[in-house]
Amino acid sequence: MMGGRYLSKEVMCRILGRLPARSFLRLRCVCKRWYSIMEDADFKAICASIEFQTSTLCVADKAPFLLWESAKDAAKPLLAFDLLARKWRRFPLLEGPWTKLTVLSSTRGLLLASETNEAGDSDYLTLNPLTTSQRKLPPMIELNNLKFNVRQIVMDGVVEGKYFVIAEELQSKKRGRGENTAPTAPRLQIYDSSTNAWQLAGDLRPGLSFKHAVSMKGSLLCLATSGKEGSDVKSVQVFKFDGACTWAELQTELPVCIGPPNRRWTPRLFDYQGRLMLAGESAAQANNKAVCVWQLDDERMEWVQVQSMPKVLYDELVGANEFMTCENFLCMHPAREERNKTILCNLTTGDWQILPYKTPRMTERLRTAFIHDNFCFYEPRVGAIA
């Protein structure tokens, strides 16, 4: 306000639009006028056109938020942990007019979600909660009345703004009857945002289960696990997609990274600064267990350990945990119904730390947005277009 008068909306848009995108969560809570400006289409257009927004941010400003929801109480709001301020904040960007929105996955400013419609069916969409840009995905390819489970969104590492959505066939563990039973080979479908269409992407080997994928140098890689019938023993395999319909196993020996049966952790394959990385629980030796991070040596095609969790933190872990990665961060969060502590690793500095406890207050209205596995990373990016 100057001399009792407000700056014009256009001036305010250009001033606020030059701030880091992560600050928008706080700025929209300053006053009603700032909130209305940040909801305005002109402001979002100005933000998208300002090259400063994405080209001059320091590494610290790109730190993502860690989203969390209480699985037991819908009266508790979604919270976001600010990795810079080290505080839990309310996350208002998903407090929209949803019937029931469930966040399934995220990548570089975009969320993959399912929304339950009035008929009780699920529609899948991608959205940028910061700009409200969203896209409803077309129906998947029908294949002998088979149903597919949408699993993950992956940003292409070569073409700017292009992303993929991966769906896995829902099926029983065995096909056939009696002596003719055989382990299933899950079929996959991949959605390409550049063509706005799904394609059949072949299947994995019988007995394997798709876990997640990563885009590296223009290729899709996926991690899958297999288990023996009636046993908790599991193995891990990595496959590379040829772009048509074949998944070929990556010719490299993986480290022991899935942990003992009583843990049931699933390793995480991810891209870190153009390098293929793997996070998991090493149990190669009974007295030398640890959560480790490996890097693939492209020349020798060997996995080299580059980091490990301090023993004092590892000894506090019990039960099952899930791995997530985003930008420079690796997060280990408790699986549903577990009471483990949430641990965060800064891959750049090598720091491992336990996140502070979260105590959300009750709200008057029931929450209509949920997170599939309770936790999810979110990177505020104005330029991310669904």
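User: How many bridges join strand β9 to β12?

Analyst: Strand β9 (residues 163-170) and β12 run antiparallel and are joined by 5 bridges. Strands here are DSSP runs of E, at least two residues long, numbered from the N terminus, and two strands pair if DSSP finds at least two bridges between them. This is a predicted model, where local features need pLDDT of at least 70, side-chain atom pairs count only at pLDDT 80 or more, and totals for chains, interfaces and linings use all residues. Residues are numbered from 1 along each chain as its sequence is written, and side-chain values use heavy atoms, with hydrogens and water left out.

User: Ok, and which residue in β12 is the bridge partner of F164?

Analyst: That's D192.

User: What does β12 do with β13?

Analyst: β12 pairs with strand β13 (residues 197-203) in the antiparallel sense, over 5 bridges. Q189 stands opposite L200 in β13. The two strands form a hairpin with 4 residues between them, and N196 in the turn has a positive phi of about 55 degrees.

User: Is β12 largely enclosed or exposed, and why?

Analyst: Largely enclosed by the rest of the structure, because 5 of the 6 residues of β12 (residues 187-192) are buried. Buried means under 20% relative accessible area, exposed means over 50%, and partly exposed is in between (1.4 Å probe, protein chains only). Across the protein chain, 47% of the 386 residues count as buried.

User: Switching topic: what order do the strands of the open sheet come in?

Analyst: The order is β3-β2-β1-β27, 4 strands with antiparallel pairing. β3 (87-90) and β27 (375-378) are the edge strands, each pairing on one side only.

User: How does β1 pair with β27?

Analyst: Strand β1 (residues 65-68) and β27 pair in the antiparallel sense over 4 bridges. W68 has F375 as its bridge partner in β27.
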